[in-house]
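Here's a quick briefing to read alongside the model. Keep the viewer open and follow along topic by topic.

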Amino acid sequence: MAGISGDVAALLVGGGSNSITIFNHCICCTRSASVSCFSPRICLSSSSTSFCRLPRRFALSAYPMVKTAPIPTGRVSDLIGFVGDLRSNVYCGAAQLISSSHHEFRDDGAEVEVRVPIPVDMEGSDGAAVSARHMQVDTQDTTLSIAVQTSQGVQLLFSAPRLYGRVKTSETIWYVDDNEIILSLKKMDTDLKWPALLEGWMSLTTGVSELLKGTSIYVVGASTAINWAVAKELATGLGYVFLFHLLILWVSAEGYKSVTEAEDMILSSLSSHVRCVVATLGGHQGIAAQNVGWNGLHAGFTVWLSQSNAADEVAAEEEAAKAKQEGVEAYAQADVVVALAGWDENSARPAAEGSLRALKYLLEADKELPGKKSLYLRLGCRGDWPNIMPPGWDPATGKQQQPGKAIAL
């Protein structure tokens, strides 16, 4: 488990300054040698339509043209109004995957079956009814497309730009029967249950909820308001309890040191809770910005909403990987990183979706992580994550104080 600290997921959201306008978003995904999991990212386009230069892609429904606002920072009292504004907003809808046809889907464990109807009025290139000889099926690692050779040329019948999981391309089986094409896709990970054929907001919330096994999520970062907005979206999607203690701290604590101490006490008590999404305080006011305050945070999965100066998705991923490797900021201890280049009221859902995707890849790579988090909690959240020491280990001295029996996952 030594490689956990190297798992990075970068998500670039919004624009870098007030002068940037958003016309359309395009999310792409690729595997980089510098990180050990896929990195979902959002790139910007200045035209009405955009296409990723990478082969695996899916599109978000276009937003109205809006100007982005800088990520809010500052004192707790300065953020109350911003939080109130966010609370009254309804965020953008879930990502809409492009598909030219309806389909039926079934997960049989080792494989998934997909049925796509063929329009009754469609004819092949020779004028005959569409049959197998007119079909063109292309399956890649995480994509599927079905085209038909017609007298008007090649027409796309079905497109799945992002499958929920990876498939074995060479073992794809398909045939045409009774005006529909039936495909059998061999899953790369037979233990991974697919809640849907396509990866989107609904399938991610369902799938990640199962992978988490009740483990809580902590959202950290420099902006309290953004932590609040993204955590609220995550809690709503996962069906978790949303916890936000800013107002409690603001009323009960006075001064920077008191706020920090109060949050540390609250987070320590929350570490024993399950199925929660906790929004932490941002900036220097938050305990998450200090290395000493992470004992309780390690009991759940942490998502770092990092402010980014990157101009594109590649630079954002490199920036996130560098931040994790150097570990200059306490936030670098987070399990995944989401890079934010700007913010507006429509950014919460894309950021939350990117966070879920990053967590999904992390949990797929190591399905024992929730159990290890549980063990860390049962041993007292002593700060020894990810290298959990045996019972009796004293974090103050770094030594074994008394013999203890092993606790199984």
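Helices (H or I, at least four residues) and strands (E, at least two) are DSSP runs, numbered from the N terminus. Keep in mind that this is a predicted model, where local features need pLDDT of at least 70, side-chain atom pairs count only at pLDDT 80 or more, and totals for chains, interfaces and linings use all residues. Residues are numbered from 1 along each chain as its sequence is written, and side-chain values use heavy atoms, with hydrogens and water left out.

**Helix H8**
- H8 covers residues 369–378, and Gly380, which follows it, has a positive phi near 105°.
- Buried here means under 20% relative accessible area (exposed is over 50%, partly exposed in between; 1.4 Å probe, protein chains only).
- On that basis, Leu369, Pro370, Lys372, Lys373, Leu375 and Tyr376 of H8 are buried.
- Their cover includes helix H2 (201–212), strand E16 (301–307) and helix H7 (348–365).

**Strands E16 and E17**
- Strands count as paired if DSSP finds at least two bridges between them; E16 and E17 run parallel and are joined by five bridges.
- Across that pairing, Trp304 sits opposite Val337 in E17.
- Five of the five residues of E17 (residues 336–340) are buried, so the strand is largely enclosed by the rest of the structure.
- Val336, Val338 and Leu340 point one way from E17, while Val337 and Ala339 point the other way.
- Together with helix H6 (residues 313–326), E16 and E17 make a right-handed β-α-β unit. Right-handed means that, with the strands pointing away from the viewer, the path from the first strand over the helix to the second runs clockwise.

**Nonpolar cores**
- A nonpolar core is a set of buried Ala, Val, Leu, Ile, Met, Phe, Trp, Tyr and Cys residues joined through side-chain atoms within 4.5 Å.
- The largest one has 62 residues, and Ile146 and Ile217 have the most contacts inside it.
- Apart from that core lies another, of 18 residues, including Tyr218, Val220 and Leu297.
- Counting contacts as heavy atoms within 4.5 Å, and leaving out residues up to four places away in sequence, Ile217 touches several residues, among them Leu212, Leu234, Phe301, Val303 and Leu359.

**The four-strand open sheet**
- The order is E6-E7-E12-E11, with antiparallel pairing.
- Strands E6 (104–107) and E11 (173–176) are at the edges with a single partner each, so one side of each has no neighbour in the sheet.
- E7 (residues 111–117) and E12 (residues 180–186) pair over seven bridges, and Glu113 stands opposite Ser184 in E12.
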